[in-house]
Amino acid sequence: MAAEAVLDIRNLVVEFPTRRGVLTAIRGIDLTIGRGEILGVVGESGAGKSLTGAAVIGLLESGGRIAEGEIHVCGRRIDQLPLREMQKLRGRTIGAIFQDPLTSLNPLLTVGDQLIETMRVHMPLSRAGAMARAVRLLQEVGIPSPELRIAQYPHQFSGGMRQRVVIALALCAEPELVIADEPTTALDVSIQAQITALLKRVCRDRGTAMMLITHDMGVIAETADRVAVMYAGRIVEIGPVASIIRAPRHPYTKGLIGSIPSLTQRSERLVQIDGSMPRLNAMPEGCAFHPRCRFAMAQCRRERPPLMPAGTSEAACWHLNGEVSHVA
Ligand code: SF4
């Protein structure tokens with residue numbers, strides 16, 4: 001799998017130096033995404049999911065740095081690239097979609113100029129050739145009358161239409177990988193469904209790999225092929241979406257799924273995960289989830305569980321089978 005993976009992250013550790021010492025925000029994660037595959041990365045705020053995406057596109061803020069591990073895209077190691085090389089890679093090989101379309105769009109340029117400029121930075125196209133491609137791309141992402149709307153400015157589009165423009169912008173240089181960070185969070189629910197359907201279609205049709213970062217397990221259930229559940233800087237469960245939604249193994253995943261009405265309608269009542277994510281400077285010993293876990297045992301407070309096989313998934317929990325697990 002790793003050899004063909006579009007994205008291959010190995011033992012990624014991300015740190016932030018502060019006046020009071022170094023804080024470790026990502027604590028050694030491994031994941032891969034294949035061609036045409038959507039990997040959902042889900043968790044509460046502070047779990048490290050957006051930082052994982054930011055590390056891949058080389059946009060860690062506030063002095064954040066990759067302290068350990070490797071990131072490979074299409075077989076090429078990218079975590080140590082000089083800034084200029086990384087800038088070339090962004091847009092060309094890796095596209096990005098963020099929550100607020102206005103952060104990705106220049107309000108002073110027409111959407112056509114932005115698409116054309118991005119394409120011509122990365123591809124040997126004439127202006128007329130880029131213009132024709134831009135119109136086709138706007139049509140592909142569902143913008144009506146693209147030959148007219150291409151001459152308009154971002155403020156002339158609704159929120160949902162603007163996010164479609166951002167998706168076109170992310171795709172315009174034919175990237176192998178797209179990092180989509182909360183791409184539907186700012187949109188109305190009805191528009192969210194259209195955008196998730198669009199993301200699915202473009203990945204399937206173009207073979208683009210996508211990391212879909214969201215706090216919303218409902219979006220993951222609708223869109224992703226596999227899901228990585230993050231908690232306190234680590235992956236605590238990873239596997240096919242269908243089996244994780246049907247039979248989550250980690251108590252935290254159970255809590256995330258149990259809090260979504262549409263995913264629990266046939267089963268028990270909604271559940272709430274009490275408590276909050278530990279602070280980076282106050283990480284508990286053993287399993288980081290143990291202060292919030294109703295299954296916590298003495299072993300959980302002492303030893304951190306690694307990811308272990310659990311059916312078609314993997315989960316990091318000593319209680320996978322309702323009894324204490326032991327690592328060989
Ligand atoms: Fe709960 Fe223990 Fe499993 Fe952690 S290892 S999730 S504390 S049962």
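This briefing covers the ligand site and the salt bridges of one structure. The model is predicted: local features need pLDDT of at least 70, side-chain atom pairs count only at pLDDT 80 or more, and totals for chains, interfaces and linings use all residues. Residues are numbered from 1 along each chain as its sequence is written, and side-chain values use heavy atoms, with hydrogens and water left out.

**Ligand site**
- The ligand is surrounded by 13 residues (a residue counts if one of its heavy atoms lies within 4 Å).
- The closest are Cys287, Cys293, Cys300, Cys317 and Trp318.

**Salt bridges**
- The structure holds 15 salt bridges (a side-chain nitrogen of Lys or Arg within 4 Å of a carboxyl oxygen of Asp or Glu).
- Asp8 pairs with Arg10, with the closest N and O atoms 2.9 Å apart.
- Asp8 is buried at 5% relative accessibility (buried means under 20% relative accessible area, exposed over 50%, partly exposed in between, with a 1.4 Å probe and protein chains only).
- Arg10 is partly exposed at 37%.

- Glu176 and Arg35 meet in a salt bridge of 3.4 Å, N to O.
- Glu176 lies in the loop between α7 (159-171) and β7 (177-181), and Arg35 in the loop between β2 (21-33) and β3 (38-42), so the pair ties together parts 141 residues apart in sequence.
- Glu176 is partly exposed at 29%, while Arg35 is exposed at 56%.
- Glu37 forms a salt bridge with Arg226, the closest N and O atoms being 2.7 Å apart.
- Both Glu37 and Arg226 are buried.

**Network**
- Shared partners join Asp8, Arg10, Glu70, Arg77 and Asp79 into one salt-bridge network.

How values were computed. Helix = DSSP H or I, 4+ residues; strand = E, 2+ residues; numbered from the N terminus.
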